[in-house]
Amino acid sequence: MNVQPSSFNLSAPPGFRGMHPDIPLEIYHRKLPHWRQAGATYFVTFRLADSIPQDKLQQLKEHRRRWEQTHPEPRSEQLWHAYAREITEKTERWLDEGYGECHFRQAINAKLLAAGLRNYQDTKCRTSSLVVMPNHAHAVMKPYAGFKLEAILHVIKGYVSHQVGQGSIWEPESYDRIIRDEEHLYRIIQYIGRNGARAGLPADEFLRWIHPEWTEAGWQFQDQS
């Protein structure tokens, strides 16, 4: 993701809190490392299970094997950050190629997923921006106290799978990162807003949204001419 703000002068939007230097970070590992901090806002990416071809998945496995050989334990947080960023950038480029069955190219399914992401606004998690692409989605999400991001996503993805009626359609692991600050958030919002155009999709093949409270505070998608 390499969207640069032309002139950034916005205050934090309602409900947003970036990474706090005085609150402890927790990390857990699956295929990727995941950082957690109480009260933080996250940029989340999750995809359909068939959205990346098998040969590219094999490339990722081989890359992980070589990386572990050249970066033996103990591995620093900085090393894990660099690895996670590299893998995320690779996979997001592949996702935009539109591989797989692409259930969310259908407007009814895209609306279903967008509604699912907004379903827990008053109970578990505030979703403030999102884009639903044919085979993946991005969202800005802030879990409320007592709720875990991965658990919320698990419920949403399970509900959508059931409604789409295709069995288990998701890659189990999502990509996520804590948003550092307001400028980082701005770049993410523009990345979300431009994802469909960047992938060359017509307007009816993706769905994007930003919370009305954020647009009232000046946080809007800035489309490139």
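Modeller: Here is the strand, then the cores, the rings and the backbone.

The model is predicted, so local features need pLDDT of at least 70 and side-chain atom pairs count only at pLDDT 80 or more, while totals for chains, interfaces and linings use all residues. Residues are numbered from 1 along each chain as its sequence is written, and side-chain values use heavy atoms, with hydrogens and water left out.

Start at strand S3, residues 42–47. Strands here are DSSP runs of E with at least two residues; helices are runs of H or I with at least four, and both are numbered from the N terminus. Thr 45 sits in S3. Thr 45 is buried, at a relative accessible area of 1%. Buried means under 20% relative accessible area, exposed over 50%, and partly exposed in between, with a 1.4 Å probe and protein chains only. The side chain of Thr 45 makes a polar contact with the side chain of Glu 92, at 3.3 Å. A polar contact is a pair of N or O atoms within 3.5 Å; within protein, one must be able to donate a hydrogen and the other to accept it, and residues adjacent in sequence count only if both atoms are side-chain atoms. Setting aside residues up to four places away in sequence, Thr 45 touches Glu 92, Leu 95, Ala 137, His 138, Ser 174 and Tyr 175. Contact means heavy atoms within 4.5 Å.

Phe 43 also lies in S3. Phe 43 is buried, with a relative accessible area of 1%. Phe 43 and Ile 178 are 135 residues apart in sequence, yet their C-alpha atoms are 6.4 Å apart in space.

Now the cores. A nonpolar core is a set of buried Ala, Val, Leu, Ile, Met, Phe, Trp, Tyr and Cys residues joined through side-chain atoms within 4.5 Å. The largest has 41 residues, and Leu 113 and Met 141 touch the most other members. Elements that each supply at least two residues of this core include S3, helix H3 (107–118) and strand S5 (136–143). Beyond its neighbours within four places in sequence, Leu 113 is in contact with Phe 46, Phe 104, Val 132, Ala 137, Ile 156, Val 160 and Trp 170. A second, separate core of 18 residues includes Phe 43, Val 140, Ile 189 and Ile 210.

Next, the rings. Rings of Phe, Tyr and Trp (its six-membered ring) pair if their centres lie within 6.5 Å; planes under 30 degrees apart are stacked, over 60 edge-to-face, and the rest tilted. The count by this rule is eight aromatic pairs. Trp 67 and Trp 80 have ring centres 4.9 Å apart and planes at 50°, so their pair is tilted. Trp 67 belongs to helix H1 (residues 54–70) and Trp 80 to helix H2 (residues 77–95), so the pair ties together parts 13 residues apart in sequence. Trp 67 is buried at 7%, and Trp 80 is buried at 6%. Phe 46, Phe 104 and Trp 170 form one aromatic cluster.

Last, the backbone. Most residues other than glycine have a negative phi, and most peptide bonds are trans. Cys 102 has a positive phi of about 55° although it is not a glycine. Cys 102 lies in the loop between H2 and H3, and is buried at 3% relative accessibility. A cis peptide bond joins Glu 73 and Pro 74, with omega about -5°. Pro 74 lies in the loop between H1 and H2.
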